[in-house]
Amino acid sequence: MLFVNEVSGLSVYASEVDEELGEVVMVAIPDGSGKLNYYSGDDAKKVYTQIMQQSDKILEEFSELEKVDKSFELPEIDVDPEIEPYGPFHYKYRFIKESSGKIYGTSKRISNYLENRTSQRQNLSASVRSSTTWTINTALTGGFNDAFKLSVGGSWSTNSSFSETISMNVGPNKKMWLEFRPLIRYVSGKAQKYYIPRGPINKRAIVVESKSVYSTSPETVYMRLGDRSFMATDGAYVWREISLR
C-alpha cells in the first residue's frame, strides 16, 4: 500500500467524497522531512478523528467571527512605529493580520475505485491525481494587494498538484479508494487604505477604506519512498474501504 515508481498521465478522478464514506483503514501524513507517517487500524481511525475535530474547531471559531458586524469600527488606529508621520500628504496601505495557522481542507476522492471480488487479498494499482488552489474571499488590487503580499510572502498565491500511481492492498470482496484532505495555511485580517494627518499633534492613522480578508494557500512538500523522491501536496492521505454488495 505504497506509492510506486510509475507516473500516471490518466484523467482526473478527483470528486467530492461519496455519501457512502466507508471505513478508514489507513492514514498517511507527511512529517515535513521527506517521510510519510503511516497509521492503520484503530490508530488510523483515531488520527482521522483528531484531524476532523481540529478542523471543526477552527471552522467554528471563524463562523462566530463572521457573525460580528465590524463595518462600523472606529477609523482611528494607532500608528505603526515604522510609519513616517511627517512629509507631504499621501495614502498608504497595510495588512493587519488578525489570525493565521493551518487547517485540513475539504475531503476529495483522488483515485478511481478498486474492487476485489475474489476471496483473497490483492495488490491493485490506481491512478492518483489532485490539485489544490489558493483562495481569497475578496478582490485585492493596487496598494491593497501589495500590502497583503508583503505580509503573507511571495509563495502564498500558488497552487499545488501531483500525479502518481499507487498500489492498494484490497481485502477480499472489498472496494477501496484514496481520499485526500489538504493541509492548508489560512490567514485573516484587514487590508487598509489610510493616511497620517499633518501636524505635530495627531499621529494616529485615519483609515479611509478597510477590506476584510480571509485567504487559504496549499503547501507542496518533499516526500521520499524507497529509492524515489517527489513533490506532493501536504495533507492527510486516507484509505477507505467498504464491502461489495
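User: Why does Y93 count as partly exposed?

Analyst: Y93 has 32% relative accessibility. Buried would need under 20% and exposed over 50%, so Y93 falls in between and counts as partly exposed. Keep in mind that this is a predicted model. As for where Y93 sits, it's in strand β5, residues 92-104.

User: What makes Y91, Y93 and V208 a patch?

Analyst: They form a nonpolar patch on the surface, and together they have about 260 Å² of accessible area. Members of a patch need over 30% relative accessible area, and Y93 passes with 32%.

User: Why is V25 called buried?

Analyst: V25 has a relative accessible area of 19%. The cut-off for buried is under 20%, so V25 makes it. V25 belongs to strand β2. Setting aside neighbours within four places in sequence, its contacts include Y39, M176, W239 and R240.

User: Which residues have the most contacts inside the largest nonpolar core?

Analyst: Those are I110, I166, M168, L178, M223, Y237 and W239, in a core of 21 residues. Strands β2, β8, β10, β11, β13, β14 and β15 each bring at least two residues to this core. The largest share is that of β10, with 4 residues. There's another core apart from it, with 11 residues, including V24, V47, Y48 and L183. In soluble globular proteins, nonpolar side chains tend to be buried together.

User: How do you know that the buried residues of α2 line one face of the helix?

Analyst: Start with which ones they are: G143, F144, A147, F148 and V152 are the buried residues of α2, which covers residues 142-152. Looking down the axis of α2, they fall within an arc of 155°, so they line one face. An α-helix has 3.6 residues a turn, so residues three or four places apart point the same way. D146 and L150 are exposed, on the other side of α2. The cover over the buried residues of α2 includes β5, β9, β11 and β12.

User: What makes K45 and E23 a salt bridge?

Analyst: Their closest N and O atoms are 3.0 Å apart, and the rule asks for within 4 Å, so the pair qualifies as a salt bridge. K45 is in helix α1 and E23 in strand β2, 22 residues apart, so by definition of those elements the pair links distant parts of the chain. K45, at a relative accessible area of 30%, is partly exposed; E23, at 38%, counts as partly exposed too.

User: How do R117 and E115 meet?

Analyst: Their side chains meet in a salt bridge, 3.0 Å from N to O, against a limit of 4 Å. R117 has a relative accessible area of 56%; exposed means over 50%, so R117 is exposed. E115, at 37%, counts as partly exposed.

User: And R240 with E179: are these two buried or exposed?

Analyst: Both are buried. Their side chains meet in a salt bridge at 2.4 Å, N to O. R240 lies in strand β15 and E179 in strand β11, so this pair ties together parts 61 residues apart in sequence.

User: How many salt bridges does the rule give?

Analyst: The count comes to 6. K102, R185 and E219 are linked in a network of salt bridges. Side chains of opposite charge can pair when their charged atoms come close.

Key: Residues numbered from 1 in each chain as written. Predicted model: local features only at pLDDT ≥ 70, side-chain atom pairs only at ≥ 80, totals over all residues. Heavy atoms only, no water. Patch = residues over 30% accessible without salt bridge, like charges linked within 9 Å, V, L, I, M, F, W, Y side chains within 5 Å. Areas by Shrake-Rupley, 256 points an atom, 1.4 Å probe, with all protein chains shown as cover. Buried < 20%, exposed > 50% of the residue type's maximum accessible area, 1.4 Å probe, protein only. Core = buried A, V, L, I, M, F, W, Y, C linked by side-chain atoms within 4.5 Å. Arc of directions from axis to C-beta. Contact = heavy atoms within 4.5 Å.
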